Amino acid sequence: MLTDLVVVGYNINMTLQIYDIPDPFQVFVANKYANAKGAKYDFFSGEWDFNCLCCNEMLTAPNKKTLNKMRLYHTRSECLGGW
Ligand SMILES: [Zn+2]
């Protein structure tokens, strides 16, 4: 049984390697936002990402307004200890 599981996992890894071809549009988006600071929109997950500048924690939100709220809560209550 354990051998079967190992074989299945191996096959999945092989499939991922075969189809691991960079999508030109994905590369374009990654390069476009490589130097961007602050909130970034992840086109593929449809979410806004923000790396906290203090603790480098990744915050994600479905829209920019929610992300701003989460960022303020995070920096005031979690990162900077109430400041
Ligand atoms: Zn933080």
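Leaving aside residues up to four places away in sequence, Thr-75 touches Cys-52, Cys-54 and Leu-80; two residues are in contact if their C-beta atoms, placed from the backbone, lie within 7 Å. This is a predicted model, in which local features need pLDDT of at least 70, side-chain atom pairs count only at pLDDT 80 or more, and totals for chains, interfaces and linings use all residues. Residues are numbered from 1 along each chain as its sequence is written.

Thr-75 and Cys-54 are 21 residues apart along the chain, and 8.1 Å separates their C-alpha atoms. Thr-75 counts as partly exposed because it has 16 C-beta neighbours inside 10 Å; a residue is buried with 20 or more other C-beta atoms within 10 Å of its own, exposed with 12 or fewer, and partly exposed in between, with C-beta atoms placed from the backbone.

Thr-75 is part of helix α3. Helices (H or I, at least four residues) and strands (E, at least two) are DSSP runs, numbered from the N terminus.

Next comes the sheet. Its 3 strands form an open sheet in the order β1-β2-β3, with antiparallel pairing; strands pair if DSSP finds at least two bridges between them. β1 (40-42) and β3 (58-61) are the edge strands, each pairing on one side only. Strand β2 (residues 47-51) is joined to β3 in the antiparallel sense over 4 bridges, and Phe-50 stands opposite Leu-59 in β3.

Helix α3 (residues 64-79) packs on the sheet and touches β2 and β3. The direction of helix α3 makes about 145 degrees with that of β3; axes are lines fitted to C-alpha atoms, for helices over the stretch in contact, and angles run from 0 to 180 degrees between N-to-C directions.
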